[in-house]
Amino acid sequence: MARYLARRLAFLAVSLALASVVLFVLLRMLPGDPANALTSVGASPEQIAAARHAIGSDRPLPEQFTHWIGQLASGDLGTSFVSSLPVGPEVAARMDVTVPLTLAAFVLAVLIAVPAGFTAAHKRHTWYGALLNGVSQLGIAIPVFWLGMILIAVFALNAGWLPSGGFPQDGWADPAEAVRSLVLPVVTIALVMSASLIRYVRSATLDVLGSDYLRTARALGSSFGGAMRRHGLRNASVPVISVLGIELASTLLGAVVVESVYALPGLGSMLATGIAQHDYPVIQGVLFVSTLAVLLIGFVADLAQRIIDPRLRGRLSGGSR
C-alpha cells in the first residue's frame, strides 16, 4: 500500500507540474494583450508599455514562469492584473459556491442513477425498464443550458417557488437562502449527469447479470438479492467508480455553463471574467486549482477501485501482471 501510494502521489506531482507548464505556455499563445485591460481605449504606446511593466508581462517568458512557479511553491496564486487583489482568497471565496454546487449535484445524480440504472437492466424486458433506458438516452442529448432555462421558466418565473439566479451577497450566513439559490442549478446538473450515469450503471449491471459467478451463486441456493449483494454489487461498482470520478471532474470543470445560466459567483464565472479581461493570474489560478481537484478525484477513484476489486488488491503493493 505504501509503495502504491508513493507512486501515485509522485505521478500526481509530475502531472501537476506538466499541467502548470502547459497552462502557462498556452495562455501566452492566446491572442490579445493583458495590458489592454488596464488602459483605456486609444491609450498611447507609452501608457501600454507602462501597463506591461506594471504587471510584468514585458519580462522574458522564462522569468515570468519562474516567478509564477515560485509563487505556487509558496501557496500564492498571484495577484490579479485588473483588481490588484490576491487570486488565492478570491478562488477560495468562489469555491464556497462551486464546491457545494458540484458535490450536491453529484450526490443527487448518483441517488437517481444507481437505482434507475439497476432497474433499467434488471427489468429491461418490461415497459418501465425500456422507458428508463429511453429517458436516459434523451437526457444525454439535452444541453445543460437549455434544461436550465426550462427549469427557470417553470419553477422560478411561472411558479415563483425558487429564485431564478444569483447567490446571497453574505454567502452562507443565511444557509436556507443559500440552499434555495442552489436548488435549480443542482437539479439542472444532476439531471444531465444522471442521464449518462444511468447508461453506465445499466451496462455494468447487465454484465453482472450475465456472469457465471452470479448464475453459480443462484444455483447454490442464493436468492437474487443475496447473490447481488454478496457478488454482484462489488463487481458492478468497479467500472462505475471510474465513471463517477470522470463525471465529478467534468462537472467541476464544466460549472461555468450552469453558473452563467444562474448568475452564480463561482469558479466558472471567475474564469470567464478572467478570460474576457486577459487576466493571466486569475485564469492560471482557477485552472490550476481545477486541475489539482481533477487529479485528486482521479487518485481517489483509482484507490477506491483497487480497494473494492480483489483482483486489483495485489497491485497495491506495487505488483503487476
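Reader: What makes Ser136 buried?

Author: In this predicted model, Ser136 has a relative accessible area of 1%. Buried means under 20%, so Ser136 with its 1% is buried. Ser136 belongs to helix α5, residues 127–141.

Reader: Which residues does Ser136 touch, not counting those up to four places away in sequence?

Author: Ser136 touches Ala195, Ile198 and Arg199. Contact means heavy atoms within 4.5 Å, so each of these residues has a heavy atom within 4.5 Å of one in Ser136.

Reader: Ser84, then: is it buried or exposed, and how do you know?

Author: The relative accessibility of Ser84 is 54%. The cut-off for exposed is over 50%, so Ser84 counts as exposed. You will find Ser84 in the loop between α3 and α4 (87–122). The backbone of Ser84 is worth a look too: phi is positive, about 60°, although Ser84 is not a glycine.

Reader: And why is His278 called partly exposed?

Author: His278 has a relative accessible area of 25%. His278 sits in the loop between α11 (267–276) and α12. Here again a residue other than glycine has a positive phi, near 55°.

Reader: How many residues of the protein count as buried?

Author: Of the 321 residues, 40% count as buried.

Reader: Leaving aside neighbours within four places in sequence, which residues is Leu264 in contact with?

Author: Among them are Val97, Leu101, Phe167, Leu182, Pro185 and Glu259.

Reader: Where does UniProt place the feature "transmembrane region"?

Author: The unreviewed UniProt entry places it at residues 97–118, 138–162, 182–201, 238–262 and 282–304. In the model, residues 182–201 are 100% helix, with their end C-alpha atoms 27 Å apart. Residues 238–262 are 92% helix, and their end C-alpha atoms lie 35 Å apart.

Reader: How many helices and strands does the protein have?

Author: There are 13 helices and zero strands.

Reader: What lines the largest pocket?

Author: Its lining has 17 residues, with Ile55, His67, Gln71, Phe81 and Pro281 nearest the centre. Two or more lining residues come from each of α1 (2–29), α2 (45–55), α3 (61–73) and α12 (280–308). Helix α3 gives the most, four residues. The space inside is about 290 Å³.

Reader: How do the lining residues of the largest pocket divide into nonpolar, polar and charged?

Author: Seven are nonpolar, eight polar and two charged.

Technical notes. Residues are numbered from 1 along each chain as its sequence is written. This is a predicted model: local features need pLDDT of at least 70, side-chain atom pairs count only at pLDDT 80 or more; totals for chains, interfaces and linings use all residues. Side-chain values use heavy atoms; hydrogens and water are left out. On a 1 Å grid over the protein atoms alone, a cavity is a set of points where a 1.4 Å probe fits but cannot get out, and a pocket is an open set with protein on both sides within 12 Å along at least five of seven lines; lining residues have an atom within 4 Å of a point. Grid points are joined across faces, edges and corners, and a volume is the space filled by probe spheres set on the points. Ala, Val, Leu, Ile, Met, Phe, Trp, Tyr, Cys and Pro count as nonpolar, Asp, Glu, Lys and Arg as charged, and the others, Gly among them, as polar. Buried means under 20% relative accessible area, exposed over 50%, partly exposed in between (1.4 Å probe, protein chains only). UniProt positions are given in the numbering used here, feature names are shortened, and annotations may be inferred rather than shown by experiment.
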